[in-house]
Amino acid sequence: MDRQNQQLIRDIEQAINGEYSAIQCYKVLIDQADSKEEKEQIREIRKDERNHYRQFTQIYMNLTGRQPTPKQIEECPKSYRRGIDVAFKDEQKTTDFYLDIADQATESYIQAAFRRAAADEQNHAVWFLYFLTRKR
């Protein structure tokens with residue numbers, strides 16, 4: 001396997017771990033949210049993250065022939081306000097990371113999956129920013 005493919009696989013592993021961590025932490029945020037509207041929106045965001053996780057896992061398995069071993073790469077913040085602040089920043093960084101993966105991939109299905117996920121992440125960031133501005 002060439003060096004470019006190895007880097008792509010490492011990046012996809014990192015994406016899988018990021019999605020796995022978001023799924024865990026967004027469950028905590030849902031429990032901490034004080035409004036029904038915020039709980040519902042974070043549930044929708046978490047559903048997107050689970051879809052990304054499944055897609056990225058399938059891509060990883062197609063490329064490597066093996067199942068990834070996801071791990072939580074960050075601790076969930078203890079407070080709701082800190083949690084949505086961290087989520088906002090993470091979603092913003094993840095948007096750029098996924099676009100970089102899409103640019104480095106040569107397979108069109110991988111490019112499409114990561115571009116779509118990047119758009120979702122940007123949408124999530126807007127929601128978290130909205131929640132942050134309401135909490136001031």
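A word on terms: helices here are DSSP runs of H or I with at least four residues, strands are runs of E with at least two, and both are numbered from the N terminus. This is a predicted model, where local features need pLDDT of at least 70, side-chain atom pairs count only at pLDDT 80 or more, and totals for chains, interfaces and linings use all residues. Residues are numbered from 1 along each chain as its sequence is written, and side-chain values use heavy atoms, with hydrogens and water left out.

Salt bridges, then. The term covers a side-chain nitrogen of Lys or Arg within 4 Å of a carboxyl oxygen of Asp or Glu. Searching the whole structure gives 9 salt bridges.

Take helix α1, where lysine 27 and aspartate 31 sit 4 residues apart, about one turn of the helix. They form a salt bridge, with 3.0 Å between the closest N and O atoms. For exposure, buried means under 20% relative accessible area, exposed means over 50%, and partly exposed is in between, using a 1.4 Å probe and protein chains only. Aspartate 31 is exposed at 51%, and lysine 27 is partly exposed at 38%.

In helix α3, aspartate 85 and lysine 89 are also 4 residues apart, and their side chains meet in a salt bridge at 3.2 Å, N to O. Here aspartate 85 is buried at 19%, while lysine 89 is partly exposed at 46%.

Helix α4, residues 108-134, holds arginine 116 and aspartate 120, again 4 residues apart. Their salt bridge is 2.9 Å, N to O. Arginine 116 is exposed at 55%, whereas aspartate 120 is buried at 10%. There is also a salt-bridge network, made of Glu37, Glu38 and Arg134.

Next, the disulfide, meaning a pair of cysteine sulfur atoms within 2.5 Å. Which cysteines form it? Cysteine 25 and cysteine 76 do, with their sulfur atoms 2.1 Å apart. The link is left-handed, at -95° about the S-S bond. Cysteine 25 lies in α1 (residues 3-32) and cysteine 76 in the loop between α2 (36-64) and α3 (80-104), so the bond ties together parts 51 residues apart in sequence. Both cysteines are buried.

On to the rings. Rings of Phe, Tyr and Trp (its six-membered ring) pair if their centres lie within 6.5 Å; planes under 30 degrees apart are stacked, over 60 edge-to-face, and the rest tilted. The structure has 10 aromatic pairs. Tyrosine 20 and tyrosine 53 make a tilted one, 6.2 Å centre to centre with 40° between the planes. Tyrosine 20 is in α1 and tyrosine 53 in α2, so this pair ties together parts 33 residues apart in sequence. Tyrosine 98 and phenylalanine 114 have ring centres 5.4 Å apart and planes at 80°, so they are edge-to-face. That pair ties α3 to α4, and both its residues are buried. Tyr26, Trp127, Phe128, Tyr130 and Phe131 are linked by ring pairs into a cluster.
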